[in-house]
Amino acid sequence: MANRIRRARRVSGFSQQQLARMVGVQRSAVAQWEREGGTCPSVHHLAQVAVATRVHFEWLATGRGEAAHGDDRLQQALTTAELARDELEASVLALLRAMSPKRRTVAYRLLRTLT
């Protein structure tokens, strides 16, 4: 849930402080919700996060179902974000997708060599 809350907030363009204000909590509460092993929001606050970030409550709470309410761009952004664990991975993924298939293979071999 922590990763879904973080993704929904970031894709929606809100800082932790902005989301906290919208939900009626302190910024530290949002930081806790987004931290692995941190606290979980109440059902009431989770519903407010879903409304503020325009995502489905069920997806936010459980990871099941569609993420976004009929907004294809938001849905795509959230789906892409699910593939990456952090912003660095998301950047690498975006770079790979921009490469030709031949260059992507070269990049893959280079990464494999480095690991």
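Author: Of the chain's contacts between residues at least 6 apart in sequence, 39% join residues at least 24 apart; contact here means heavy atoms within 4.5 Å. The model is predicted, so local features need pLDDT of at least 70 and side-chain atom pairs count only at pLDDT 80 or more, while totals for chains, interfaces and linings use all residues. Residues are numbered from 1 along each chain as its sequence is written, and side-chain values use heavy atoms, with hydrogens and water left out.

Reader: What does the secondary structure of the chain come to?

Author: It comes to 8 helices and 0 strands, in the pattern α-α-α-α-α-α-α-α along the sequence.

Reader: Why is H1 called roughly parallel to H4?

Author: Helix H1 (residues 2-12) and helix H4 (residues 43-53) pack at about 30 degrees, with axes 9 Å apart. Angles under 35 degrees count as roughly parallel, over 145 as roughly antiparallel, 65 to 115 as roughly perpendicular, and the rest as oblique. H1 is therefore roughly parallel to H4. The axes are lines fitted to C-alpha atoms, for helices over the stretch in contact, and angles run from 0 to 180 degrees between N-to-C directions.

Reader: Which residues make the contact of H1 with H4?

Author: H1 supplies Ile5, Ala8, Arg9 and Ser12, and H4 supplies Leu46, Val49 and Thr53. By class, there are 4 nonpolar, 2 polar and 1 charged residues. Ala, Val, Leu, Ile, Met, Phe, Trp, Tyr, Cys and Pro count as nonpolar; Asp, Glu, Lys and Arg as charged; the others, Gly among them, as polar.

Reader: What makes H1 and H3 oblique to each other?

Author: The axes of H1 and helix H3 (residues 27-34) come within 7 Å and cross at roughly 125 degrees. On the angle classes given above, H1 and H3 are therefore oblique. Ala2, Ile5, Arg6 and Arg9 of H1 make the contact with Val30, Trp33 and Glu34 of H3. That set divides into 4 nonpolar, no polar and 3 charged residues.

Reader: Where do H2 and H4 meet?

Author: Leu19, Met22 and Val23 in H2 meet His45, Gln48, Val49, Ala52 and Thr53 in H4. These residues divide into 5 nonpolar, 3 polar and no charged. The axes of helix H2 (residues 16-23) and H4 come within 9 Å and cross at roughly 115 degrees.

Reader: How do you know whether arginine 4 is buried or exposed?

Author: Its relative accessible area is 14%. Buried means under 20%, exposed over 50%, and partly exposed in between (1.4 Å probe, protein chains only), so arginine 4 is buried. Arginine 4 is found in helix H1, and its side chain reaches the backbone oxygen of leucine 60 at 3.0 Å. A polar contact is a pair of N or O atoms within 3.5 Å; within protein, one must be able to donate a hydrogen and the other to accept it, and residues adjacent in sequence count only if both atoms are side-chain atoms. Not counting residues up to four places away in sequence, arginine 4 touches Trp59, Leu60, Ala61, Thr62 and Gly63.

Notes: Helix = DSSP H or I, 4+ residues; strand = E, 2+ residues; numbered from the N terminus.
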